[in-house]
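Subject: Structure handover

Hello,

Here is the structure for your files. My notes follow it.

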Amino acid sequence: MSVPVLSAQNIGKSYGSGANRFDALKGVSLDIAAGESIAIVGKSGSGKSTLMHLLALLDDPDSGTLLVEGTDAKKLKGKEVNRLRNQDFGFVFQQFFLTANASVLDNVVLPLKIAGVPPRERKARGMAALEQLELADKAKNKAINLSGGQKQRAVIARALVNNPKVIFADEPTGNLDTATGAVVEDILFALNKNNGITLIIVTHDIELAARCDRQIFIRDGLEDTTESGIPRKRHAGAHAGAHA
Amino acid sequence: MKFIDIVKTAIANSFRSKVRTGLTVIAIFIGAFTLTITSGIGTGVTSYIDTQVTAIGAADVLTISKAADSTSSATEGPAAYDPSKATTVSLGNGSRPGTTIQALTAKDITAIGKTTGILRVDPSVRVTPDYIEYDGNGKFELIVNAAATLTTADLAAGAQLDNSSTTDEVLLPTTYLKNLGFADAKAAIGKTVSIGITDYTGVQQEAKATVIGVQNETILGVGAGLNQHLTDGLQAIQVTGAPAGASDSYATATALFDASSTAAEITAIKDDLATQGYASQTVADTIGSFQTVINVIIGVLNAFAVIALIAAGFGIINTLLMSVQERTREIGLMKAMGMNGGRVYTLFSTEAVFIGFLGSALGALAAVGVGSVVSNILADGVFSALPGLQVVQFAPSSIAIIIGVVMLIAFLAGTLPARSAARQNPIDALRYE
């Protein structure tokens, strides 16, 4: 087996100190192979978002080690971490995080701008990404004027524009209606199948999780191995207690 | 992120919240406007004085008077009468009525003459002619500018006064020409005018003098200039019939020293005179003290402008802190996408510098516009008696310095918000709802 893209070994993270100390993640291990799609499933407050942030190098674990293509993340220099975030990772967020008054194209090429790509190439690659998501005709529109589904497609275009190896998606369908959500899901899984992009989805939606190759269930900061990937009703995850 | 993209993004960001940026720009505008105007006035007045006194003709002349009597201080009352001291004389022209100083006597003149470094000393005589007349065109009052021989006049025509000449020379201001009946400045040169003066016994006598030059109006005393020969002649008429010793006291004396003296040598002469009880001033001292006053006024005005700018600096801090707050997510997103803290810092600093540039450039531009218009209006109105005075003048270099300084203040003001932006943690920023 080849070296996993990301490998977490017993990683933990806590916030605050003293009486206010809160252990968000108490020790989770997982390996993510290149090209696979994986769902991190849990209720809000379970620690699933913290796990994703640690995997995406947006935060440093307090305990355990994280290997990025076999290299300890702690040993990576700030510059190298920034390069990874910029070129190897793409992010899709529930709240979109689009700059409202900037054009769709400007939003999409932001990672290229940060990378220092010259304007002409930026525009060409940005348009190509928008083309892929059938948003080319909206390139000049202000981001604020897009519908929810269009916004999420613009966000995916932004995540794609640097040809990343891994896309992190935090509740990608959370703000969308069922039909639009399904379209966005299809786009993400198509990218995973056709372009070989590793897909890491954080969700509490079991149906979405079931479409992934593999599911990791997180509960109270630990991996819950009693869970299974059987799809059930959408609101099922909202109830407390174990799901057998 | 490339620098050019940072600059472009910073400029675009500063226009995102137009009202807020606009108000900050106005604050900076006021400061920069004031600073530009005051520096313009400084440049204008200084350059006017410089043209007025360019090539101070008599750099080798000291004006000497008795030093103020130290014994008659405000707390101890007047000093005891000393019959060996000369009576006090009024300083006359320019001083408060009734103001007196100790007069210089013939003995003092001799003592000054013996001081090392002094080549020659002449008591300053003040002649008070009654009228001036040319070619029977009517008699007009003649005001004598006693300082005329000490400075090089700003000539409209003719030549400077020659103190070593044995002819009687007069230097007329341009304002005298029309009344006396001259067509223009050139027409007056070489013509003979009559000067009337009353002697000690009350009899009016007349002396002839040649117009050697015509001078533009200056701020260093209005009136006509007379050369030494003419002054001596008029003085002789003035004291005709006076009892011996009546004219033997002078308010001031002018002493010549070697023109090649160094500043240290001049100071030595002045110190020497001071120990003997005489106050002395070179022409440069007189003009220097004049310029010092103007510089102090300009300095005070500049200080107010700088205070305004510092207040504007806090406006920048406020604007940018709000901006950082508002854009927390955006900053977090950029950092999540691999933008390093340094670039984020540069982005916000650039925005501050741009706001500073906008305010100062607009302020300076408006100041140049308003200043030029006002200056022209004043030159034709209030200051029309002072030809050549442009009260507000702008030096490109000082405007560039002002804009530069304002941008620096803006940069310093932007440091705090830019640092807080650079320190944003992408996680905290993205979790921020």
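How many residues does the contact take from chain B and from chain A? It takes 21 residues from chain B and 21 residues from chain A, where contact means heavy atoms within 4.5 Å.

This is a predicted model: local features need pLDDT of at least 70 and side-chain atom pairs pLDDT 80 or more, while totals for chains, interfaces and linings use all residues. Residues are numbered from 1 along each chain as its sequence is written, chains are lettered from A in the order in which they are written, and side-chain values use heavy atoms, without hydrogens and water.

Interface

The area buried between the two chains is about 2000 Å², that is, the accessible area (1.4 Å probe) lost on putting them together, summed over both. Carbon and sulfur atoms give 61% of that area. On the chain B side, Leu333(B), Met337(B) and Ile427(B) lose the most area to chain A, together 29% of what that side buries.

The rule finds one salt bridge across the interface (a side-chain nitrogen of Lys or Arg within 4 Å of a carboxyl oxygen of Asp or Glu). Arg122(A) pairs with Asp5(B), with the closest N and O atoms 2.7 Å apart. Helix 9 of chain B gives the most to the side touching chain A, with six residues; helices are DSSP runs of H or I with at least four residues, numbered from the N terminus.

Chain A

Of its 244 residues, 53% count as buried, meaning under 20% relative accessible area (1.4 Å probe, protein chains only).

Regards

Methods. Buried means under 20% relative accessible area, exposed over 50%, partly exposed in between (1.4 Å probe, protein chains only). Helices (H or I, at least four residues) and strands (E, at least two) are DSSP runs, numbered from the N terminus.
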